[in-house]
Amino acid sequence: MSAFSTIFPLAFIVLFGFISSKRLWVNTAQLDGIRHFIFNLILPLFLFTNMLKADLHAQLNLASMLSFYVPVVLTFVIVYAIGSVMLAYKKVDMAVFALGCTYSNTVLVALPVILLQFGLEAGAMVFVIITFHSALLFAMTFLLARNPEASKRQIMSSLVKNPIVASITLGILANLLLPPFPSVLLDAMTLAGQPALAGALFVLGANLSYYQIGSMWKEAALISLIKLILLPASVFALAKYGFALTSQQIAVVTLMSAAPLGVNAYLVSRQLNTMQPQLAGGVVLSTMLSALTLSGWISILTP
């Protein structure tokens with residue numbers, strides 16, 4: 001499948017959501033209802049069902065995990081250190097900015113791209129790798145931004161209240177500890193979860209209409225540069241030359257890291273009451289640019 005044929009359907013749904021919100025085809029109350037339905041019910045069910053069906057023993061690969069997480073953590077630390085130590089910015093500001101440079105929209109953007117391009121087996125690998133994604137990056141952000149006691153409360157609150165994190169975690173536990181679910185129940189759950197990705201992409205597009213790049217476009221552009229090009233390039237290099245992963249494994253971890261900035265990073269900036277315009281702009285700009293950069297990465301990864 002070509003890069004264009006993979007990206008276009010996804011970009012179309014995001015654009016459709018954006019236009020629907022801008023033109024008020026969907027008003028705020030209706031969008032809130034759709035958002036609640038997708039993110040609190042259907043998407044968690046989709047993730048739980050796929051996590052339940054995944055072959056965890058086949059997909060749990062330490063080299064793949066390290067290929068993704070080592071560049072993510074190093075990029076976070078480097079951005080934070082340059083800003084807070086060398087440039088003397090506030091630590092809380094740089095912790096949030098570093099989160100903006102490293103937090104990927106893995107579920108709403110990377111997962112659909114990988115499923116369309118490589119199929120369900122690659123999708124199972126995504127589910128395994130992203131298990132610790134939010135927990136790790138939120139923990140680093142709160143620990144570097146606030147005192148440890150406050151950080152523990154905020155980390156636990158953010159994770160416990162996040163239905164995506166909860167559904168993946170419960171799916172792993174059910175996969176490992178419970179007997180197989182009846183096939184008729186799995187079929188029903190799979191059918192119910194089918195609108196998840198399309199609905200989530202629609203909501204993502206609609207949400208973008210509420211965020212503005214504004215006067216912080218330089219910061220948004222820097223976030224996008226690091227997030228869409230530099231971070232995935234380092235993941236690609238480590239996966240290919242450091243761990244010599246298979247071509248599909250290299251593609252999965254690279255595309256996961258090449259996804260645009262996730263909206264949850266902006267929500268963290270609101271919690272900490274800092275860098276909100278910068279991260280809102282980063283969400284919008286990186287999402288817009290990712291249609292081009294993801295196409296480029298797909299072309300490189302699938303010659």
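Predicted model: local features only at pLDDT ≥ 70, side-chain atom pairs only at ≥ 80, totals over all residues.

Colleague: What makes Phe16 partly exposed?

Modeller: The relative accessibility of Phe16 is 43%. Buried requires under 20% and exposed over 50%, so Phe16 counts as partly exposed.

Colleague: How many aromatic pairs does the structure hold?

Modeller: The structure holds seven aromatic pairs. One of them is formed by Phe16 and Phe202.

Colleague: Why is the pair of Phe16 and Phe202 called edge-to-face?

Modeller: The ring centres lie 5.6 Å apart, and the limit for a pair is within 6.5 Å. The planes stand at 65°, and over 60 degrees counts as edge-to-face, so the pair of Phe16 and Phe202 is edge-to-face. Phe16 belongs to helix α1 and Phe202 to helix α12, so the pair ties together parts that are 186 residues apart in sequence.

Colleague: Why is the pair of Phe48 and Phe181 called tilted?

Modeller: Their ring centres are 6.3 Å apart and their planes are at 55°. Stacked would need under 30 degrees and edge-to-face over 60, so the pair of Phe48 and Phe181 is tilted. The pair links distant parts of the chain, with Phe48 in helix α2 and Phe181 in the loop between α10 and α11, 133 residues apart.

Colleague: Is Phe48 buried or exposed?

Modeller: Phe48 has a relative accessible area of 17%; the cut-off is under 20%, so Phe48 is buried. Phe181, at 24% relative accessibility, counts as partly exposed.

Colleague: How do you know that α6 is roughly antiparallel to α7?

Modeller: Helix α6 and helix α7 pack at an angle of about 150°, with their axes 7 Å apart. Angles over 145 degrees count as roughly antiparallel, so α6 is roughly antiparallel to α7. Among the residues that make the contact are Leu111 and Phe118 of α6 and Gly123 and Phe127 of α7. The contact residues divide into eight nonpolar, one polar and no charged.

Colleague: What makes Asn273 exposed?

Modeller: Asn273 has 62% relative accessibility, and exposed means over 50%, so Asn273 counts as exposed. Asn273 is found in the loop between α15 and α16, and its phi is near 55°, a positive value in a residue other than glycine.

Colleague: Is Met275 buried or exposed?

Modeller: Met275 also lies in the loop between α15 and α16. Its relative accessible area is 14%, under the 20% limit, so Met275 is buried.

Notes
Residues numbered from 1 in each chain as written. Heavy atoms only, no water. Phe/Tyr/Trp six-rings, centres within 6.5 Å; stacked < 30°, edge-to-face > 60°. Helix = DSSP H or I, 4+ residues; strand = E, 2+ residues; numbered from the N terminus. Buried < 20%, exposed > 50% of the residue type's maximum accessible area, 1.4 Å probe, protein only. Axes fitted to C-alpha atoms, helices over the stretch in contact; angles between N-to-C directions. Parallel < 35°, antiparallel > 145°, perpendicular 65-115°, else oblique. Contact = heavy atoms within 4.5 Å. Nonpolar A, V, L, I, M, F, W, Y, C, P; charged D, E, K, R; others polar.
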